[in-house]
Amino acid sequence: MRTTRSRQLLARACKRIPGGVNSPVRAFRAVGGTPPFLVRGRGCRVFDADGNEYVDYVGSWGPLVLGHADRSVLRAARAAMANGTSFGAPTEIEVEMAEAIARAMPAVEMVRMVSSGTEATMSALRLARAVTGRERVLKFDGCYHGHVDSLLVGAGSGVATLGIPGSPGVPKAMTELTVQVPYNDLGATEAAVRRFGDEIAAILVEPVAGNMGCVPPVPGFLEGLRALCDRSGALLLFDEVMTGFRVARGGAQALYGVKPDLSCLGKIVGGGFPAAAYGGRRDLMARVAPAGDVYQAGTLSGNPVAMAAGLATLARLREPGVYEQLGRVSKAVADGLAEIAARRGVELTTAAVGGMFGFFFHPGPVQDFEDAKQSHAERFRRFFAEMLARGVYLAPSAYEAGFVSLAHRAKDVAFTLEAADAAMKQVARVG
Ligand code: KE4
C-alpha cells in the first residue's frame with residue numbers, strides 16, 4: 001500500500017498542528033503507522049492522498065450514516081449556502097430541526113442547538129447542576145462525553161472513586177465532583193448513590209457505550225439508573241451524541257424504552273457539519289437563557305447550513321426499513337468477524353446495536369472498561385494493519401466503535417469479510 005504522500009503530508013502537518021491532527025485519535029498513535037490523509041469520500045468508500053481506496057467503517061466517527069457525499073445532503077447544504085452561510089440570528093430552519101428532534105424523541109420536549117458533542121454534554125451538565133442545586137455528577141468508567149474538564153477523569157482504582165484529573169490542566173477541584181463507577185454495574189452505582197445521593201445532580205451515561213469499544217447495556221442497567229434517579233432526585237442524562245439516530249430512529253432511549261430527563265445529541269444531527277444539541281423536559285430547558293437564568297451561548301449554534309444537512313439526513317432516516325437495514329449490515333459484519341475468528345481459532349467477542357458494532361480480541365463477556373482493557377492489544381493492532389492494507393478502514397483504536405451507513409452494500413460486507421479472513425490468519429500467529 002503506497003503511503004508516500006500521506007507521510008509527506010503528516011510531516012508537513014506536524015510542523016503546524018499538534019501531532020499533525022485536529023483530534024488525537026486521527027493520529028493512529030494506538031495502532032502505529034501513518035494515518036492516511038483522506039481526499040475524497042463517496043458512499044461507503046474513502047480515498048487517500050496516495051490513491052488507496054477503503055471501505056470506511058469510521059464514517060467521520062458516526063455522522064455519515066447515509067455515507068459520504070450523499071446527494072440529498074449535498075443538495076440541501078448547497079441550497080442553504082446559496083442564501084448565506086450564517087446569520088447569528090433566529091432562522092426557521094432551526095425551528096424545523098428542534099421540531100424534528102422532538103418528533104423523534106418525545107422526551108426531548110425542548111432543545112438547544114450547539115456545535116459539538118462536548119458543548120452539548122457540558123451545557124446539559126451545567127443545567128442539571130442549576131436545576132437540582134447539586135454539584136456532583138456520576139459517570140461511568142470508559143464512557144467519554146467530550147473534553148469537558150469535569151468529565152475528563154482518569155479511571156480511579158476501586159469501585160466508586162472520586163474522579164482524578166484525566167489530563168494535565170484539568171483542576172483537581174473540577175474532577176473531585178465527579179463520581180466514577182464501572183459501566184453496567186448497577187450495584188456499584190447504587191452504592192455510590194447511597195454514599196453521595198443528595199449531592200448528585202446527574203447520572204450521565206452513554207446508553208450504548210461506544211468509547212470503550214461497543215459495549216451494550218446489560219438488561220436492566222438503564223432501567224436501574226432511571227429508578228435510582230427517581231429515588232435520589234438526580235437527573236438522568238443520556239449522552240446520545242453517538243447513539244442518537246444511530247441505533248434507532250428515537251435513539252437508545254427508544255430502543256431500550258428508558259426516558260432520560262436530558263439528552264445530548266451530536267454527529268448525525270449535523271449530517272457531517274458541526275452541529276450538536278442538548279434537550280429534554282420542558283421544565284428543565286425553561287431554565288436555559290434567555291428564557292431562564294442558566295447561561296449558554298454559541299456563535300454558530302444552529303448554523304443554517306448544518307441544519308439543512310442534518311435535516312436532510314434525518315429525513316432519509318424516516319424512510320421505512322432504514323434501521324432494519326443498518327442493523328442487518330452491522331450484524332453481518334460482527335457475525336462474520338466472529339465466524340472467521342472461530343474458524344481461525346482466535347478469541348473474539350463482538351457486539352452490534354443498530355448501525356454500530358464492535359469487536360474485542362477477548363474471550364468475553366465484555367461488559368465494562370476493565371473487561372475491554374483485557375483484550376489483546378497486539379492482536380488488535382495486527383488486525384487493524386492487515387485490514388487497512390487490504391482496503392478496510394476500521395477505527396484506529398480498540399476502544400472505538402465501528403459505524404455502518406445506508407451506503408454499505410452486501411458486496412462491501414463481502415469484501416470486508418474476505419479481507420478479515422486473510423487478516424485473521426495473520427492475527428492467529430500473534431501469541
Ligand atoms: P465532540 O465534541 O467530539 O463532537 O463529541 C464528544 C462526544 C460526546 N459524547 C460521545 C458519546 C462521543 O462519542 C463523543 C465523541 N466521540 C469521539 C469518537 N469516539 C469523536 C472522535 C474524536 O474525538 O475525534
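**Domain interface and overall form of a predicted model**

Between domain 1 and domain 2, eight residue pairs, both members at pLDDT 80 or more, are in polar contact, a term that denotes a pair of N or O atoms within 3.5 Å, where within protein one must be able to donate a hydrogen and the other to accept it, and where residues adjacent in sequence count only if both atoms are side-chain atoms. The structure is a predicted model, in which local features need pLDDT of at least 70 and side-chain atom pairs count only at pLDDT 80 or more, whereas totals for chains, interfaces and linings use all residues. Residues are numbered from 1 along each chain as its sequence is written, and side-chain values use heavy atoms, with hydrogens and water left out.

Domain 1 comprises residues 4–65 + 320–427 and domain 2 comprises residues 71–316 of the protein chain, with bounds that come from an automatic or database domain assignment. The C-alpha centres of the two domains lie 25 Å apart. In contact across the interface (heavy atoms within 4.5 Å) are 30 residues of domain 1 and 32 residues of domain 2. The area buried between the domains, that is, the accessible area (1.4 Å probe) that two parts lose on being put together, summed over both, is about 2,400 Å², and carbon and sulfur atoms give 63% of this area. Of the area that domain 1 buries against domain 2, Tyr323, Val353 and Met356 supply 25%, more than any other three residues.

Zero salt bridges are found across this interface, where a salt bridge is a side-chain nitrogen of Lys or Arg within 4 Å of a carboxyl oxygen of Asp or Glu. The elements that give two or more residues to the side of domain 1 touching domain 2 are α11 (322–344), β14 (349–353), β15 (356–360) and α12 (369–373); helices (H or I, at least four residues) and strands (E, at least two) are DSSP runs, numbered from the N terminus.

The protein chain as a whole contains 14 helices and 17 strands, and its C-alpha trace spans about 55 × 55 × 45 Å along the principal axes.

One joins Ala289 and Pro290, with omega about 5 degrees, and Pro290 lies in the loop between α9 (282–285) and α10 (304–316). Another joins Gly364 and Pro365, with omega about -5 degrees, and Pro365 is located in the loop between β15 and α12. Trp61, although not a glycine, has a positive phi of about 70 degrees, and this residue lies in the loop between β3 (53–56) and α2 (71–82).
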